[in-house]
Amino acid sequence: MLEPVNVSLASLNIMTLTPMLIAIIGALGIITIDLLKSNLDKSLYVMLSLLVLLLDLGSLIDWAGVFTENGTVLGFFDVMLMDGLSILAQIVIVGGSMLFIPLALTSKRFHEFSYPEFFALFLFMIAGFQFMVASDNLILIFVGLETASLALYTLIALHNRSKSFEAAVKYFTMGALAAGFYAFGAMVFYAVSGSVEINQISAVISATGNDNIAFVLVGTVFMLAAFGFKLSMVPFHTWTPDVYEGSSAALAGYMSIVPKIAGFVVVMRLFEMLINSGVVWLEVVLYVFVVITMTAANIWALVQSDVKRMLAYSSISHAGFVMAAILIGTTQANTALFLYWILFSFTNLGAFAMLWVSRQKELPAGQSSDHPFEKFSGMIKTMPMAAMMMGLFMLSLAGLPPFGLFWGKMYMLGAAVSGGYTVLALIMALNSAIAAYYYLKLIVYMFMREPINNGQDYMVNASLSLKTMIGLAAVATIFSVIAVDPLLEVITTFVYNSGY
Amino acid sequence: MLDHILSILIFFPSVAAVLGFVVSKEGFRAYGITVATIEFALSLWLWYAYDAGVSGMQFMEEFSLIEQFGISYLLGIDGISLFIIVLSAFFTLLGIVSLTETRRVKELIITLLFLEMTMIGVFAALDAILFYVFWELSLVPMLYIIGAWGGPKRIYASVKFFLYTFAGSLVMLIGMLFMAYFYHEATGNWSFSILEWYRLILPESFQLWLFVAFFFGFAIKVPMFPFHTWLPYAHGQAPTIGSVILAAILLKMGTYAFVRFSLPLFPDASAFFMFPIAVIAIIMIVYTAMVAYAQEDVKQVVAYSSVSHMGVIILGTFALNVEGISGSIFLMIAHGVVSGALFLLVGVIYDRRHTKMMDQFGGLASVMPRYATVFGIMMMASVGMPLTINFVGEFLSLLGFYQQSHMLTLLAGLAIIVGAIYMLAAYKKMFFGEVTIDENKKLKDLNKTEYMGLIPLTIITIWLGIYPKPVLEPINNSVESIVQLMHDKAITEDAKAKIPNVREIKQGHTISHGEAH
């Protein structure tokens, strides 16, 4: 006879759901508005989404205050986990989304933004990502991951070009495979430990030692493959350049930031647990993954003839660079991961937004892709301001001080050095030097070649909203040095107090 | 104002450059000259206010930038950096005054002003990360100058310049992070302040590794053999102004960094690597001198001779005694003045004939006598004739190294004679003999703009050649304290023996003086 389950509402701690609920209610609200009155202008939906995200951010900041006072809060039978890591990651997710959504206000009309569903899906996706990072329950992580991914596939397809459908289908297929791997991995861990919660699994694996090592290894391999796909680690990266090319530049920039930080947090929870529980070979495998992802992606990026594809490969390489933090596993390294990713989001969104403003509706004759390098030839003579902005983002991506990404890079290298990974630090440094070449290639085109037209091809898509976002990204990139100290302070306390 | 004069020196040109975007194209040259003159005047004021009797850092400024990681905005100068800063301001002014470029002058001058900021920043920074920021940032304006105003293969040359230096610097960055990590392990605090690092005594094995890491960054910048291949390209393709700044100031960053970082931080490693580096320096002197002799392009001759002289500077630096290091720092300034002047001179003839091939010239002495005279003086200075500025530096550098090894010094001395051969040969090809090509008969002699650049350089060359004391004395004071620091910090017997104890020597002098009386 089963005991009746008595649950008091207070013990559910329903407040842990507020940030996600805000996004979900916002999405439902947008759908409702569309039901009541259709054919409203996209600017309404953009601003509504922005407001919803602002509320979301507000609740997160509130949670940050709760965390500093009371530490980690659990809710819903310990499924929800509001620790420093999850709050930080959610802030990055919501903040990155807030940088993205104004990019919808282009001067040219693009198909996807005229549907309110785009914005509803966008908010659902954010809620999915938030669930993903705010739990250490493998099932809830899975649900969050799938909610977010399915919404994202649709967002890509909405771009309504044959390449976008291709990209969406490719991403969907690969994503489905990854989801399968994830489910298998979770199943194996459940079989080994009888639990789907990461901390329980950790306890069981540590206690049983090497008895079940074969199963644990199988589970680890499945998880590695699953997150390899999600984080576009080489050799699971093949979808990335095509998907980035098929989606709009703004969405591609978004994809290189927000889904990945969600992935990183889960990987951090899962793999640092596995490393600490003494799973053999895992460190070596991760080491190899990190090195290959950085290096191979860099080398592929060298030979790209389209700027967007180049940036796609470069973001794979950056993901590999950041993955090193998981391997190193110290508090400093995990802090570096967040610092790097926050600085990276500004710079990379800026760079992709620069591509977005130069996006023509139709491809002109003789141009094979949206953003070939030649298109940017001699930009300094026709559009000096735009050229300098783009140059700035490229220099920052290359890791040139004192621009944004340098500080992340420096702190990450510092973490590698302090963590005893000297060779890794050297490999990371040399990779930055290789990467400098392809960023420089665009600078060479923009600053040192003769213009091929009088500049009418750039800024065709510009609007006040896009320019504001680019300006914001540029200011954040230039003056990042001021922000690094407070950021480090907050991130270090949050990461440290969550036990990472 | 003197409390913040270094910050003003660093950021005045960059603020002026940003404001310069508004200034119209027509008056831009006047704007550039005014800004550079003010900057130069400020740097002279710095020299005036500098207390030559003090050996430590002066005009220090500090505030914390990234407290969590020990990075601060820490500035200060001593006798070593003072003159390079004055030289940077001087050459920027000179470069803008004698600018003959006509294409997009506004952009060029703005770039030069940004470059000036990074140059002065490198020499004034006492925080390793701040130093690194300026060090790396200096690549960007130079990349643009070479890449946008250079010769036909400018893009290859500029990208090669950038990537070489960038790759080397990243290895150096790892070294810096290691250094900070050791400091953290030793004291419990993060710090990137060089002055704090000076107090840290490292085991020899760590020193060796860190020395190598820093060496990559510095050696590529100098450029030392075998990392020198980017330099002839860069010089060959760069416009005159680019070559002048590159040779006069940017290369000095590498040798300066050796004195500022490698020697005092790693005295044992410096002593350990003294002979290998001396051998590289001598190869550099001899090999590049020979390559220079084989060149047909006069600018390449000057470029290779410049590498060759950098070898002497390295040799002097790694003598690890007061004479050698002071000599090498003096030679940095001398080399800046002389090679800067030579590149300007090459620019003069290039503007007239649009070729730099020596077989296109000949007999220019009869057509352009004044040009030939200035060229002659600078060439003599370059080969190290007594009573010119280079002689003082070369002599002291070699004197310093003579105390460490007679044989190697002798070899280096011979190499300087080879230097005389190629310079004289180049001079002969260009200026003596009959005028064989008709175009050369109608060449005009130096004009007013060119005089304005060349006369000050000629005066300095001879003045400091005859009376180097005003510059040498402050340098000497600061070098003495560095050498003393190295001696005190050294842990191996080898290093203790190689690095002299300045205090003892000085006391010995006073005692022997006392006895004489």
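User: Where is A:Ala462 placed?

Analyst: Helices (H or I, at least four residues) and strands (E, at least two) are DSSP runs, numbered from the N terminus. A:Ala462 lies in the loop between α19 and α20 (464-478) of chain A. The model is predicted: local features need pLDDT of at least 70, side-chain atom pairs count only at pLDDT 80 or more, and totals for chains, interfaces and linings use all residues. Residues are numbered from 1 along each chain as its sequence is written, while chains are lettered from A and ligands numbered from 1 in the order in which they are written.

User: Is A:Ala462 buried or exposed?

Analyst: Count C-beta atoms, placed from the backbone, within 10 Å of the residue's own: 20 or more others means buried, 12 or fewer exposed, in between partly exposed. A:Ala462 counts as buried because 20 other C-beta atoms lie within 10 Å.

User: Which residues is A:Ala462 in contact with, leaving aside neighbours within four places in sequence?

Analyst: Contact means C-beta atoms, placed from the backbone, within 7 Å. For A:Ala462, the partners are A:Ser107, A:Val357 and A:Lys467. Its C-alpha atom is also 9.6 Å from that of A:Ala353, 109 residues apart along the chain.

User: Which residues have the most contacts inside the largest nonpolar core?

Analyst: In soluble globular proteins, nonpolar side chains tend to be buried together. A nonpolar core is a set of buried Ala, Val, Leu, Ile, Met, Phe, Trp, Tyr and Cys residues joined through C-beta atoms within 7 Å. The largest here has 413 residues, and A:Ala324 and A:Ala353 have the most contacts inside it. Beyond four places in sequence, A:Ala324 touches A:Val290, A:Met412, A:Ala416, A:Leu424 and A:Met428.

User: How many residues does each chain give to the contact between A and B?

Analyst: Chain A gives 28 residues and chain B gives 26. On chain A's side, α18 (404-418), α19 (422-448) and α21 (480-497) each give two or more. The largest share, 12 residues, comes from α19(A). For classes, Ala, Val, Leu, Ile, Met, Phe, Trp, Tyr, Cys and Pro count as nonpolar, Asp, Glu, Lys and Arg as charged, and the others, Gly among them, as polar. That side of chain A has 22 nonpolar, 4 polar and 2 charged residues.

User: What comes just after α7(A)?

Analyst: A:Gly194 does, with a positive phi of about 75 degrees.

How values were computed: Two residues are in contact if their C-beta atoms, placed from the backbone, lie within 7 Å.
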